[in-house]
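Subject: Handover of a structure

Dear colleague,

Please find below the structure that I am handing over to you.

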Amino acid sequence: MPESAPVRVRFAPSPTGYLHIGGARTALFNWLFARRHGGTFVLRMEDTDKRRNTPEARRTIFEGLRWLGLQPDEGPEEGGPYGPYSQSERAEIYAETIAELKRREGLYACFCSRERLAELRAEQEREKRDLRYDGRCRDLDPEEVRRRIEAGEEHTFRLRVPEGETVLEDLVRGPITVRHEDVEDIILVRADGTPVYNLAVVIDDHAMAISHVLRGEDHLTNTFKQIIVFKALGWEPPRYGHLPLILGPTGEGKLSKRKHPEAALEHYIQRGYHPEAMVNWLALIGWSYDDHTEIMSREELIERFSLDRVHAGGARLPLDKLDAMSGHYIRAMSIEGIAEKVAEELTAAGFISAGGYTLPWDKIVHLARILRDRLRCFGEIPEQVSWLFQPVVEFETKAEKNLLKSEETPILLRAYAATLEDPLPEPEDLEARARTFCEERGVGFKKLVHPVRSALTGRAGGPPLFDCLFLLGAEEARRRLEAAAAWAEARRPRK
């Protein structure tokens with residue numbers, strides 16, 4: 001592909017399962033590259049595997065890209081001048097190119113049965129040889145081939161790899177050379193006449209005028225085969241860049257859903273991470289602007305993104321960094337925006353009803369204020385405030401200790417409960433009154449607030465205590481203080 005050609009990149013997932021976080025990172029890098037160079041970002045579905053494709057997986061890909069804000073310029077939903085954008089709808093295009101490739105003698109018929117190929121593989125494994133096709137059908141007499149095909153003998157078509165070598169000028173890894181004697185004559189056309197991945201992707205990339213292919217390094221071996229196919233058809237291949245694999249959170253091996261739930265983009269959506277934080281974080285997995293800049297807006301990422309800053313080595317999944325980044329982006333939101341998310345999460349958890357809040361909006365806004373500095377992701381909201389909607393039926397270990405620390409605690413809790421007036425004043429006034437209460441009774445402030453927090457929330461820590469009290473209201477607070485006092489009395493040894 002000439003360097004002067006318009007930039008056209010593609011993200012081409014197979015809708016056979018969840019959207020892998022590595023796929024999401026690949027989509028992001030392609031999107032950033034397209035935006036950086038004024039190019040086009042194409043979404044293409046590689047859905048020729050009818051047995052494994054599912055509508056749910058297809059929907060997951062569309063929704064995942066929307067959540068990340070990576071809207072394709074062309075694709076199955078958007079349409080475009082190079083459609084259709086699903087391989088399952090491109091059979092006629094493939095048939096024409098397969099015929100052309102046969103005419104150019106880039107393919108040859110292979111009549112080897114599955115049983116024969118399985119025996120060959122077993123023999124190679126026993127003898128510790130390279131696992132590859134042995135070329136048995138490569139030089140069959142053309143007349144014999146014609147006769148066997150006309151007789152209806154089942155066959156596939158394999159790539160006729162020529163002598164020589166292929167040099168790949170990888171945009172991330174630099175020049176890589178592969179000798180053709182190390183490249184297998186792979187099957188390109190199945191027995192039913194349909195193309196396999198390595199042929200379909202070449203046809204699609206050419207037909208869709210793809211200028212750059214940016215994908216994971218696990219595709220590197222495919223790239224050399226695809227370049228050979230491009231040249232067999234007389235086509236100019238696109239330029240390739242192979243991105244580093246994403247490793248597990250501790251750097252152990254390739255990230256996989258079998259070992260790591262964090263491998264699926266859905267994990268982060270369900271946890272409620274801020275999508276802009278997710279984009280920022282994904283961009284830094286295998287790429288960096290410099291050795292210290294981490295927080296970057298989408299616009300800054302577009303301006304700064306370049307392939308020469310992509311790392312060649314594997315990239316560890318830094319989950320702790322995502323927590324910090326998401327918290328940063330949440331703190332930058334407006335209180336009203338956070339309140340909307342609070343309402344969404346509480347509704348989803350069943351704590352408040354959709355369409356008609358059982359918690360007044362002003363209290364939802366109040367919750368947003370006290371949670372803003374504590375949140376790493378929106379999915380934490382229900383757990384952090386469940387005490388507000390559910391009666392305290394048990395206490396954390398440290399909360400129990402707070403309630404049982406002094407014989408005077410039940411008396412203190414009941415006395416404090418009696419001071420609570422309905423309606424309660426604002427949290428600042430509540431704190432001032434609590435301090436006055438402690439001064440009048442000659443007790444330290446901590447001796448009151450620690451057991452009060454434990455009584456109201458069942459926990460030893462959490463949002464500011466007097467905000468919690470304010471949100472509960474006087475009646476519920478008095479009930480919980482009395483219940484905690486009775487609980488503590490029942491557990492103190494009798495004299």
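The notes that follow go from the whole chain to particular elements and residues.

The model is predicted, so local features need pLDDT of at least 70 and side-chain atom pairs count only at pLDDT 80 or more, while totals for chains, interfaces and linings use all residues. Residues are numbered from 1 along each chain as its sequence is written, and side-chain values use heavy atoms, with hydrogens and water left out.

Overall form

The chain holds 20 helices and 11 strands; these are DSSP runs numbered from the N terminus, with helices being H or I of at least four residues and strands E of at least two. Its radius of gyration is 32 Å, whereas a compact globule of 495 residues would have one near 23 Å. That radius is taken over C-alpha atoms, and the globule rule is 2.2 Å times the number of residues to the power 0.38. Along the principal axes, the C-alpha trace spans about 105 × 50 × 45 Å. Of the 495 residues, 48% count as buried (buried is under 20% relative accessible area, exposed over 50%, partly exposed in between, with a 1.4 Å probe and protein chains only). Among contacts (heavy atoms within 4.5 Å) with a separation of 6 or more, 73% join residues 24 or more positions apart.

Nonpolar cores

A nonpolar core is a set of buried Ala, Val, Leu, Ile, Met, Phe, Trp, Tyr and Cys residues joined through side-chain atoms within 4.5 Å. The largest has 54 residues, and V342, L367, Y416, L469 and L481 touch the most other members. A second, separate core of 50 residues includes L19, L32, L214 and L265. Leaving aside neighbours within four places in sequence, L469 is in contact with Y416, L420, L424, L430, L456 and A477.

Helix α9

The buried residues are A277, M278, V279, N280, W281, L282 and A283. Their cover includes α1 (21–36), α2 (55–68), α8 (265–271), α10 (298–304) and α11 (319–331).

Strands β8 and β9

Strand β8 (residues 212–216) pairs with β9 in the parallel sense over 5 bridges; two strands pair if DSSP finds at least two bridges between them. H212 has R239 of β9 as its bridge partner. From β8 the chain passes through helix α7 (residues 220–232) to β9 in a right-handed β-α-β crossover, meaning that, with the strands pointing away from the viewer, the path from the first strand over the helix to the second runs clockwise. Strand β9 (residues 239–243) is mostly covered, with 4 of its 5 residues buried.

N222 lies in helix α7 and counts as buried at 16% relative accessibility. Beyond its neighbours within four places in sequence, N222 is in contact with Y197, N198 and R215.

Cysteines and a loop residue

A disulfide is a pair of cysteine sulfur atoms within 2.5 Å, and by this rule the count is 0. The sulfur of C112 is 3.7 Å from its closest cysteine sulfur, in C137, and is therefore too far for a bond. C112 is buried at 15% relative accessibility, and C137 is buried at 7%.

D139 is found in the loop between α4 (114–126) and α5 (142–150). With 66% relative accessibility, D139 counts as exposed. The C-alpha atoms of D139 and W387 are separated by 77 Å, and the two residues are 248 apart along the chain.

Yours sincerely
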